Amino acid sequence: MRSAAVIALLIALISMGEACKVPVFRYALERWESDAYRAVILYRGADLKSSVEVLAAPLVNAPANLEVELINVADLTEEQKWQIDDVDVVGKIPQLRLHYPHGSNIEAPLWEGPLDTTSVSRVIDSPIRTQLVDAILKGSSTTWILLQCGDASRDAAAETRLRALLDTVTASLTIPEGVVRADEVTAEGTTKDGQPLEMDDVLRTEIPLKIHFPIFTLSRETPAESIFIKMLEHFGGKPDEPVAIPVFGRGRALEGIPASALSKASISGACDYLCGECSCQVKDENPGLDLLLAVDWNAKLEGTSFIVERALPALSGFGVAEPSASQKASSSAESHSPLPKVLVLTLGGILAVTLLGTYLIARR
Amino acid sequence: MESEIPITMTYAGQLAGIVGASEETKPVPQGTALTSFLRDTANRHGGRFQELLFDENKQLRRALVISINGEHALDPEALSLTRPCEIFIMTPIAGG
């Protein structure tokens with residue numbers, strides 16, 4: 001119990017360190033693994049097993065963030081059946097149920113239907129997902145999906161508005177200062193002019209680092225995208241209103257911004273977060289939900305990646321006596337923190353060492 | 001007398017769905033802490049809105065994007081509202 005508290009405190013203190021300079025969108029691409037969706041295939045009868053396996057093979061073999069589970073409902077105990085919704089509807093035709101990743105806490109399937117070649121292919125991939133991945137691997141900061149409502153004039157107005165706002169944001173945003181390309185790092189882990197650096201500030205791939213926001217419009221009536229559209233519906237918005245969904249990193253999407261909320265504040269706010277310093281490197285403490293994409297990201301990035309190794313320096317103390325990144329958003333909101341962060345960190349470090357010492361003594 | 005300033009909230013996905021609008025404006029006393037303002041707003045909208053902004057310890061959730069006049073607020077708990085502004089919030093996408 002005490003050790004858990006000490007460890008938690010240490011983690012908290014470490015996480016209070018200064019933001020890394022790599023923008024969020026790029027940090028996510030290079031460092032955050034995608035969360036896996038779950039495809040649950042239900043069939044009834046052992047005689048169907050081999051044909052189900054053949055149909056499911058593309059799902060199993062796809063280089064996607066997808067786990068596949070085959071369940072013969074005839075083999076289930078009564079207790080196991082209780083754990084699966086509507087298990088009795090599974091008859092002669094195998095059912096495919098697609099679920100969001102566990103971390104989303106969304107239990108209901110985002111899509112369910114018969115297992116066949118069409119549903120399998122639409123689960124794994126779709127034209128717009130291919131385009132998104134291509135744009136991200138070419139260096140787009142964030143791709144924006146404009147999910148249309150079907151009213152041509154509203155859809156066109158939303159696209160025009162989104163494009164104008166993104167153009168304005170593109171002109172004003174800059175990449176954070178201090179991002180280091182890997183070819184600028186020496187074997188000793190310093191810059192070429194001998195300055196020390198944090199490896200979290202170093203890019204891991206050669207993909208161009210730029211501020212660029214392409215838009216991909218998506219009609220809700222596109223058959224090939226039908227399952228992807230279902231996947232997007234949980235990102236917010238109403239069917240009768242266009243919604244703009246930012247996608248970055250390895251297909252991580254933020255909440256959709258409905259057309260009625262498209263403003264300089266909202267688009268700038270989202271883009272400023274995505275292009276700003278990665279203040280929290282822990283994926284789960286950042287917003288968003290991964291999309292299901294058939295991409296082996298590590299393989300795609302490997303061809304452009306740098307490997308930079310460096311010996312860790314000897315520990316000389318605890319507590320990071322560095323000032324925090326300057327607080328932004330100060331024009332209308334002012335900081336009222338009573339203590340400078342450096343002081344908080346120092347006091348925290350002393351407290352952590354004290355607690356750790358107490359714990360070690362108590363164990364003896 | 002304490003002067004009041006108008007604060008406009010802009011909501012994305014889930015919050016917009018709960019509020020039934022993507023924008024609302026409220027006057028607050030100048031100098032109100034941002035967290036306090038958000039807590040009042042959450043109390044006004046109740047249940048699910050509160051859960052999306054605050055954790056079980058009533059602390060502002062970390063996985064929120066909060067921006068003020070288009071600038072991402074890195075440390076929202078250290079901010080107070082001193083001028084009219086537009087606050088934009090994106091919440092984590094989650095069920096529950």
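Reader: What makes β1(B) and β2(B) count as paired strands, and in which sense do they pair?

Author: In this predicted model, β1(B) and β2(B) are joined in the antiparallel sense over seven bridges; since two strands pair if at least two bridges are found between them, β1(B) and β2(B) therefore meet the condition.

Reader: What makes residues of chain B and chain A count as being in contact, and how many residues does each chain give?

Author: The criterion is that C-beta atoms lie within 7 Å, and on that basis 40 residues of chain B are in contact with 43 residues of chain A. The elements giving two or more residues to the chain B side are β1 (4–11), α1 (13–19), β4 (65–68), β5 (71–72), β6 (79–81) and β7 (85–90) of chain B. By class, that side of chain B has 20 nonpolar, 14 polar and six charged residues.

Reader: Turning to chain A, why is strand β8 said to be largely enclosed?

Author: A residue counts as buried if 20 or more other C-beta atoms lie within 10 Å of its own. Six of the six residues of β8(A), residues 243–248, are buried, and so this strand is largely enclosed by the rest of the structure. Burial holds on both sides of the strand, for A:Val243, A:Ile245 and A:Val247 point one way while A:Ala244, A:Pro246 and A:Phe248 point the other way, and all are buried. Such a pattern can be set beside a general rule, namely that in a regular strand the side chains alternate between the two faces of the sheet. For comparison with the chain as a whole, 36% of the 364 residues of chain A count as buried.

Reader: Which strands pair with β8(A), and how do you know that each pairing qualifies?

Author: Strand β6 (residues 143–147) of chain A pairs with β8(A) over five bridges, in the antiparallel sense, and the bridge partner of A:Thr143 is A:Val247. Strand β10 (residues 257–258) of chain A is antiparallel to β8(A) over two bridges, with A:Ala244 bridged to A:Ile257. Strand β9 (residues 252–253) of chain A is likewise joined to β8(A) by two bridges in the antiparallel sense, where A:Phe248 has A:Arg252 as its partner. Because the condition is at least two bridges, each of these pairings qualifies. In the hairpin of β8(A) and β9(A), three residues lie between the strands, and A:Gly249 takes a positive phi near 55°.

Reader: Where does A:Ala39 make its contacts beyond its neighbours within four places in sequence, and what is its bridge partner in β3(A)?

Author: A:Ala39 is in contact with A:Leu59, A:Leu66, A:Val68, A:Leu96, A:Leu98 and A:Val123, and A:Val68 is also its bridge partner in β3(A). Strand β2 (residues 37–43) of chain A runs parallel to β3(A), joined by seven bridges, within an open sheet of mixed pairing and order β3-β2-β4-β5 (chain A). Helix α3 (residues 49–61) of chain A lies across β2 and β3 of chain A, at about 170° to β3(A).

Note on methods
Residues are numbered from 1 along each chain as its sequence is written. Chains are lettered from A and ligands numbered from 1 in the order in which they are written. This is a predicted model: local features need pLDDT of at least 70, side-chain atom pairs count only at pLDDT 80 or more; totals for chains, interfaces and linings use all residues. Two residues are in contact if their C-beta atoms, placed from the backbone, lie within 7 Å. Ala, Val, Leu, Ile, Met, Phe, Trp, Tyr, Cys and Pro count as nonpolar, Asp, Glu, Lys and Arg as charged, and the others, Gly among them, as polar. A residue is buried if 20 or more other C-beta atoms lie within 10 Å of its own, exposed if 12 or fewer, and partly exposed in between; C-beta atoms are placed from the backbone. Axes are lines fitted to C-alpha atoms, for helices over the stretch in contact, and angles run from 0 to 180 degrees between N-to-C directions.
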